[in-house]
Amino acid sequence: MNGAVVNITIKNNTIIDFENKSERIYACVKKCLVEEEIESLNVICDDVGYKTPNFTTSGIYCLHGIVRLQNSEDKPWSVIVKVIKPDSVEKNYAEHHNYWRREALVFNSGILNELPDFIKVARCFLVEELPDETIWIWMEHIEGEYAGTVEQFSFIARQLGRFNGAYITGDKALPRYDWLCKSWLKSWTTASRKYAPSVDTYVERLSNDDLRTIWAWYENLIRKLDIAIESLQRLPRVLAHQDLSQMNMLLVTSDNSTPQLLLIDWQFLSISGIGEDLGKMFGVNMSLGIIQPDHYDEFQTSLYNSYLEGLRTAGWQGDEKLVRYGFCLSMALRSVWEVPKYFSMLAQLETEPQNQNLKDRLYRLERIISIQKDMHTEVELMMPKLGFCTVH
Ligand SMILES: Nc1ncnc2c1ncn2[C@@H]1O[C@H](COP(=O)(O)OP(=O)(O)O)[C@@H](O)[C@H]1O
Ligand SMILES: [Mg+2]
């Protein structure tokens with residue numbers, strides 16, 4: 001430990017063997033404190049209690065405490081350890097949207113240090129591969145605010161437009177690594193179709209006209225899915241996060257300055273089409289119930305306008321239809337998961353007609369699917385105009 005004798009006490013509230021990691025902890029705290037000399041270190045290890053991990057996330061831990069410096073000053077510190085793990089065999093392949101090693105490779109490559117400076121990231125202290133086939137990512141603990149209002153989401157959409165735009169104008173070069181996902185939605189829709197609930201017997205006996213219309217629309221979308229997915233490759237290419245749910249986007253304010261956007265969770269990092277990140281951001285935050293049904297239209301308009309504004313600020317002068325196309329199609333394709341889910345929940349409602357929570361979720365999903373339908377209609381109208389082929 002740099003030859004210094006440092007007194008370390010560890011109180012471990014997790015099931016992970018952090019007692020064995022005192023050297024690593026010491027090294028991270030030193031990096032946190034920009035190399036100040038440490039006299040003693042007190043460590044508390046907590047599980048952050050994250051309830052909705054990705055399949056490839058085995059745990060998120062917060063290590064924190066007080067450090068006594070050699071000048072007798074006491075300072076608080078904290079570090080996050082994200083432990084990732086392999087999952088099903090398909091996630092061992094780099095082309096998979098959820099390739100299990102991707103986030104570790106992202107941090108190791110230094111790619112995040114090359115992002116435009118208005119996109120902040122957590123500093124990574126160490127990426128450690130363990131014999132038990134897990135990888136531990138030791139990083140800076142970020143304290144920030146989650147977006148809630150349309151203004152905050154629109155601010156993020158604008159930064160996203162600037163971010164994506166930097167790769168189309170040539171201001172930033174697209175990184176070239178085999179482990180970056182190149183067709184994120186192709187992989188995601190394939191996996192979604194494989195794991196979506198089977199609703200064949202339920203839809204066979206549908207009598208409600210509105211529901212039959214939704215199902216017919218969905219079948220038509222699936223019939224033309226490959227063409228839609230291929231068309232995304234014709235959009236201008238950008239570096240895309242592809243997982244902009246509320247909890248992965250933090251607004252951080254330092255020293256009374258204006259908030260800055262800090263992104264975490266780089267597991268889905270991709271080369272994608274313009275507009276895809278925005279479609280994901282709009283769609284996933286509705287699905288998660290962060291954006292409420294009363295605000296769907298307002299958010300849709302404001303997010304799109306802000307993203308476009310960001311692209312223009314980045315200096316991109318291209319055809320706006322391309323942006324609209326990427327936005328609408330990536331949002332519409334979320335129906336590949338959400339339509340089967342909707343029908344399976346309707347089937348569940350038959351056996352639990354009083355389940356109010358289920359009814360609320362169904363109401364939200366119905367509204368989301370209706371937006372997906374409208375956005376898909378827009379896509380179909382734009383396809384010939386953009387010279388992307390279409391079938392009827
Ligand atoms: N560097 C960090 N600073 C603060 N909180 C973090 C950090 N990394 C992760 N977290 C917390 O843990 C949660 C899960 O981490 P994330 O990387 O998003 O995992 P997953 O890929 O499973 O979603 C985040 O939503 C956030 O609340
Ligand atoms: Mg996350």
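Reader: How far apart do the C-alpha centres of domain 1 and domain 2 lie?
Author: This is a predicted model, in which local features need pLDDT of at least 70 and side-chain atom pairs count only at pLDDT 80 or more, while totals for chains, interfaces and linings use all residues. Residues are numbered from 1 along each chain as its sequence is written, chains are lettered from A and ligands numbered from 1 in the order in which they are written, and side-chain values use heavy atoms, with hydrogens and water left out. The protein chain is divided into domain 1 (7-84 + 124-140) and domain 2 (145-385), with bounds from an automatic or database domain assignment. The C-alpha centres of these two domains are separated by 34 Å.

Reader: Which residue forms a salt bridge with Lys82?
Author: The count between the two domains is one salt bridge, that is, a side-chain nitrogen of Lys or Arg within 4 Å of a carboxyl oxygen of Asp or Glu. For Lys82, the closest N and O atoms of the pair are 3.2 Å apart, and the partner is Asp265.

Reader: Which residue has a polar backbone atom 2.9 Å from an oxygen atom of ligand 1?
Author: There are 17 residues around ligand 1, and among those that come nearest are Tyr50, Lys82 and Asp265, where near means a heavy atom within 4 Å. Side-chain atoms also approach ligand oxygen atoms, with a polar atom of Asn248 at 2.9 Å and an N or O atom of Asp265 at 2.9 Å. The backbone atom in question, likewise 2.9 Å from an oxygen atom of ligand 1, belongs to Asn54.

Reader: What percentage of the area that ligand 1 exposes alone does the protein bury?
Author: Accessible areas come from the Shrake-Rupley method with a 1.4 Å probe. Taken alone, ligand 1 exposes 550 Å², and the part of that buried by the protein is 92%.

Technical notes:
Polar contact = N/O pair within 3.5 Å; in protein donor to acceptor, adjacent residues only side chain to side chain.
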